[in-house]
Amino acid sequence: MTENNIKINSSRLKDISFGMRVLLVEDDPIIQQQLKVFLLRFFAHIDTANNGVEALKLYEKDKYDLIITDLSMPQMGGIELSIHVKEMDTDQYIIVVSAHFESDKLIDLLNIGVGGFIIKPVDFTLVIKQLTKICQVISNRNELKYLNKILENKNKELQESNIQYQSALNESMNLKKQL
């Protein structure tokens with residue numbers, strides 16, 4: 001990827017990730033801090049957890065657009081965390097970070113519905129590219145939800161207006177019959 005493409009993807013990611021909430025789950029404090037500093041270039045709100053147990057507690061309190069989790073952590077790893085999160089919200093977007101990707105774990109993660117993978121050591125150019133794709137999907141989904149809500153409200157308004165017009169028409173017909 002050329003430097004120009006990196007700038008374009010970075011700019012695009014900033015545009016589409018505005019307002020998105022991220023939960024970063026990483027047990028290594030140095031990697032957690034590096035990822036958080038990097039992600040703050042694109043996301044305004046990032047919560048962090050040191051393991052899956054802490055992440056679940058945060059997830060139960062707040063809604064996140066994206067979860068980025070390490071695979072291997074004490075107490076609860078990324079696979080178990082992903083299972084619990086997907087049980088609560090099948091539409092939740094999750095990216096797993098790991099230094100090792102054995103095929104059986106990869107298959108488990110795909111079956112759970114994890115949407116992306118980042119391999120350690122982290123290549124931030126590839127991360128920008130992957131985040132751009134995932135955040136575009138999240139942004140599109142959020143926009144569709146918003147537009148759907150507007151349509152539902154307009155539909156209710158039209159139904160209420162239709163009821164009022166039908167009532168007025170019936171009343172008019174009754175008055176005509178009486179004359």
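At 17% relative accessibility, D47 counts as buried (under 20% relative accessible area; exposed is over 50%, partly exposed in between, with a 1.4 Å probe and protein chains only). D47 forms a salt bridge with R21, and the closest N and O atoms are 3.8 Å apart. The model is predicted: local features need pLDDT of at least 70, side-chain atom pairs count only at pLDDT 80 or more, and totals for chains, interfaces and linings use all residues. Residues are numbered from 1 along each chain as its sequence is written, and side-chain values use heavy atoms, with hydrogens and water left out.

**Salt bridges**

- The structure holds 6 salt bridges (a side-chain nitrogen of Lys or Arg within 4 Å of a carboxyl oxygen of Asp or Glu).
- Helices (H or I, at least four residues) and strands (E, at least two) are DSSP runs, numbered from the N terminus.
- R21 is partly exposed, at 23% relative accessible area.
- K63 and D89 form another salt bridge, with 2.7 Å between the closest N and O atoms.
- K63 sits in the loop between α3 (52-61) and β3 (66-70), and D89 in the loop between α4 (78-88) and β4, so this pair also ties together parts that are 26 residues apart in sequence.
- K63 is partly exposed, with a relative accessible area of 44%.
- D89 is buried, with a value of 17%.
- R21, D47 and D62 belong to one network, joined by salt bridges that share partners.

- K120 lies in the loop between β5 and α6.
- K120 counts as buried, at 18% relative accessibility.
- The side chains of K120 and E26 meet in a salt bridge, 3.2 Å from N to O.
- This pair links distant parts of the chain, 94 residues apart, with E26 in the loop between β1 and α2 (29-39).
- E26 is buried, with a relative accessible area of 1%.
- The side chain of K120 also makes a polar contact with the side chain of D70, at 3.3 Å.
- A polar contact is a pair of N or O atoms within 3.5 Å; within protein, one must be able to donate a hydrogen and the other to accept it, and residues adjacent in sequence count only if both atoms are side-chain atoms.

**Backbone features**

- Most residues other than glycine have a negative phi, and most peptide bonds are trans.
- A cis peptide bond joins K120 and P121, with omega about -5 degrees.
- P121 is found in the loop between β5 and α6.
- Q75 is a residue other than glycine with a positive phi, near 70 degrees.
- Q75 has its place in the loop between β3 and α4.
- Q75 is exposed, with a relative accessible area of 65%.

**Strands β4 and β5**

- Strand β4 (residues 93-98) and β5 run parallel, joined by 4 bridges.
- Two strands pair if DSSP finds at least two bridges between them.
- G116 in β5 is the bridge partner of I95.
- Strand β5 (residues 116-119) has a covered face made of G116 and I118.
- Its uncovered face holds F117 and I119.

**Helix α6**

- Helix α6 (residues 124-178) has 55 residues and should span 81 Å at 1.5 Å a residue; its end C-alpha atoms are 80 Å apart, which agrees.
- The expected span is 1.5 Å times one less than the number of residues.
- At the start of α6, a side-chain oxygen of D123 reaches to within 3.0 Å of the backbone nitrogen of T125.
- F124 lies in α6.
- F124 counts as partly exposed, at 32% relative accessibility.
- F124 and F38 are 86 residues apart in sequence, and their C-alpha atoms are 8.4 Å apart in space.
- Buried residues in α6 include V127, I128, L131, T132 and I134.
- C135, I138, S139 and R141 are buried there too.

**A nonpolar patch**

- Y146, L147 and I150 make a nonpolar surface patch of about 290 Å².
- Patches are made of residues with over 30% relative accessible area and no salt bridge; like charges are joined within 9 Å, nonpolar side chains (Val, Leu, Ile, Met, Phe, Trp, Tyr) within 5 Å.
- Accessible areas come from the Shrake-Rupley method with a 1.4 Å probe; for residues, only the protein chains shown count as cover.
- Y146 lies in helix α6.
- Y146 is exposed, with a relative accessible area of 55%.
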